[in-house]
Protein chains: 2
Amino acid sequence: MRSTDPATLLAAARAGERGAIGRLISLVERGGDSAKAVSHLTWADAAESYTVGLTGAPGAGKSTLTSGLVGHVRKLGERVAVLAVDPSSPFTGGAILGDRVRMQEHAIDADVFIRSMATRGHVGGLALATPQAARVLAASGYPLVLIETVGVGQVEVEVAGAADTTVVVMNPGWGDAVQANKAGLLEAADVFVINKADRPGAAEVHRDLEAMLDMHLDLGPWRPPVVEAVAARGEGIEGVWDAVLSHRAHLESTGELARRRQRRAQEEAREILVRTLEAQADALLASDSSAELRTGLANRTLDPHEAAGQLLQRL
Amino acid sequence: MRSTDPATLLAAARAGERGAIGRLISLVERGGDSAKAVSHLTWADAAESYTVGLTGAPGAGKSTLTSGLVGHVRKLGERVAVLAVDPSSPFTGGAILGDRVRMQEHAIDADVFIRSMATRGHVGGLALATPQAARVLAASGYPLVLIETVGVGQVEVEVAGAADTTVVVMNPGWGDAVQANKAGLLEAADVFVINKADRPGAAEVHRDLEAMLDMHLDLGPWRPPVVEAVAARGEGIEGVWDAVLSHRAHLESTGELARRRQRRAQEEAREILVRTLEAQADALLASDSSAELRTGLANRTLDPHEAAGQLLQRL
C-alpha cells in the first residue's frame, strides 16, 4: 500500500526510497493541508542543502549544462537532485520531455534524482511549490539541488532567482545585454554562462555583458563572473561549477547566505498569505452577499475603487 | 495656477484643455486618494467610449499600425486617443520615445490625444492605472481609445486584453502560432493582424494561425479573423479597422460587451482589493510586532506556512 502520510513518506525518502520522494513532491504540487505538513517537516533540514537555479532563453542549452554539472559534481562525490520547472501551459509543455532525454545518462545513478515540475494552470502555484519541492529533496538527503527553468519569463526568473546561487545561461547571438537587462536577468544573476561559446559572437556577448555590469551601480560586493562554456562538448563545465562555488563561499563568508535565506523565507510567507487573502477576496466577490455590489459595478453606479473599499470592510 | 483638484481638472479636460487631461492621467498613475477621486468621477461616462488594445512582439509594427488606424478613424470623423504602455523598467524605457516619433504626424491634430504610460518599478500598478487612464480619456470626450503596448509580456497582454477589442499584431517569421499560444495571445486576441505581410512567410503564419484556431475548442461564438496589412505603406489599415468594427458589432448585438465590461469591473475591484491587502500584509510583516516571527523564520523554528497562518490571524 502506498502511504500518503507525509511523515511516513519522509522517513521512506530518507531511507533512499525514490518513489517516496516523488510522492512528497506531488503532495507539495497539489497544495492544501498535506503540502503544509510536508513544508513543516522539511523546513529545518533544508538549511543543510544548497540550491542552484539555472535560467536562460529556450534553446540556450540549460539542460545540457545542467547535465554536465550533474556529471561533474558526481565525480566530486556529491549526491545531487535536479528540479526541471516549466511554467508554460500543459498544451506546450512538451519541452520538458525533450530536455529530459539529455538527462538520461544520469537516470540509473542512485545518487541523482531528477524530477520535472509543471503547472496545471496555476502559475503562482509553481513559484510557491518549487522551493518547497527543493526542500523535500534537501530533507531527503540531497545536499545539492539544481533548479532548471525552461525560459526567461517572469515565473522562470522568479523561480531560478529564489535559489542560493542563480546561473543565467546565454548564447552568442541569443540577444544583447539590453535584452538580459529587460528580462530582469541582470538583477537575478550571480553567475553568467555564455554557452555555445564556440559560435561566432561569443566575445561580443561577453564584452556587452561586462559593459552592462560596469554600468550597473547596484551590484554590491559580488560582481557576477562571466564564464564561457560549450556544454554539449563538456567544455567549461568545471569553470561554471567553480564560479558557483566561489559565489557560495562569498555568501557564506559574508553572512549574506543567512540574510538571503531569511529574506526568501519572509517573501515566501508573504506570498502564501497574499494567496490566501486572494482566495478569500474571490470567494467574497462571488458570494450571494455581493450581488448588489456586482450589480452596482455593472450598471456603473459603483466604481471599482468603491467596490474594493466595501469588500475590504467585509473581509 | 495649475489646479490639482480632480473635478476642476475634469471640467477643464471636457472643455478641451489638453494639459488638464495629462494632469488627470498623472494623478491616476500616482495612485492614492486623488486617483480614487478621478476613478469615481470618470467611471459612469467611460461607458460611452470604446477601447481597442494592440499587443504584439517588439518590432511587429504596432506603433505604425496604430498611427495608421488613427489616420483612418480621423478620416471617418471620430476623435481618438492613444495610450502607449511600456511596463519595462525606466532604464530600458527608451522604446516609447522612439515609437512616439511615428505618431508625430498626428501631434498637431486637436482631435487626437497621445500619451505614454510607463511604470516607475510598479508593474502591477500599470495594469491598474491603464484602464483608469483610458476612462479619463473617455470622460474627456474621446469616444475611442487605442491602448498600444510595447511587447507580449504578462503585463502587456493583460493590459491589451482588458480592452473591448484586443488586436494581436504578428509578422511573417516573427514566430509560429505555438509561440503565440505560449504567450497567451490566442486567448487574448479578438483580431489577428499579420503586419509586414509583403515579407516572405506571411502565408505560412496565416495558415498556422488558422490551424491553431481550428484546434482551439474554447473559441466561443467569435472566431478571431486574421487580417494582413503592410502598415508602413498604409496597406490593409481599413481591413484591420473593419475587423475591429465587426467584433464591436458582435459584442454589442450579443450583449457580450456588457458582460465583458462587468467582468472587467469585477476583476479591477478584486485587483484593487488584493493590492490593498498585500500592502497591509507587507506592513504587518515588517512591523515591530512581527520581530519574533521573523526570527523564527531565520532560525528555522517556524516555516513559511506557519508564519503566514499567524500573520493571517493578526490581519
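Here are legends for close-up views of a predicted model.

**View 1. Where chain B meets chain A.** Each chain puts in its part here: 40 residues come from chain B and 40 residues from chain A. On the chain B side, the elements that give two or more residues are α3 (32-42), α8 (177-182), α12 (256-286), α13 (291-298) and α14 (304-314). The largest share belongs to α12(B), with 15 residues. Sort this side of chain B by class and you get 20 nonpolar, ten polar and ten charged residues.

**View 2. Two helices crossing between the chains.** Here helix α12 (residues 256-286) of chain A meets α14(B), with axes that come within 8 Å and cross at roughly 55°. Because of that angle, α12(A) counts as oblique to α14(B). The crossing is right-handed.

**View 3. The open sheet of chain B.** Seven strands with parallel pairing line up in the order β3-β2-β4-β1-β5-β6-β7. At the edges sit β3 (112-118) and β7 (226-228) of chain B, each pairing on one side only. Neighbouring strands are turned by 20° against each other on average, direction ignored.

**View 4. A closer look at one strand pair.** Strands of a sheet pair through backbone hydrogen bonds. In chain B, β1 (residues 50-56) and β4 (residues 144-149) pair in the parallel sense over five bridges. Find B:G53, and opposite it you'll see B:I147 in β4(B).

How values were computed
Residues are numbered from 1 along each chain as its sequence is written. Chains are lettered from A and ligands numbered from 1 in the order in which they are written. This is a predicted model: local features need pLDDT of at least 70, side-chain atom pairs count only at pLDDT 80 or more; totals for chains, interfaces and linings use all residues. Two residues are in contact if their C-beta atoms, placed from the backbone, lie within 7 Å. Helices (H or I, at least four residues) and strands (E, at least two) are DSSP runs, numbered from the N terminus. Ala, Val, Leu, Ile, Met, Phe, Trp, Tyr, Cys and Pro count as nonpolar, Asp, Glu, Lys and Arg as charged, and the others, Gly among them, as polar. Two strands pair if DSSP finds at least two bridges between them. Axes are lines fitted to C-alpha atoms, for helices over the stretch in contact, and angles run from 0 to 180 degrees between N-to-C directions. Angles under 35 degrees count as roughly parallel, over 145 as roughly antiparallel, 65 to 115 as roughly perpendicular and the rest as oblique. A crossing is left-handed if the near helix is turned anticlockwise from the far one by less than a right angle, and right-handed if clockwise.
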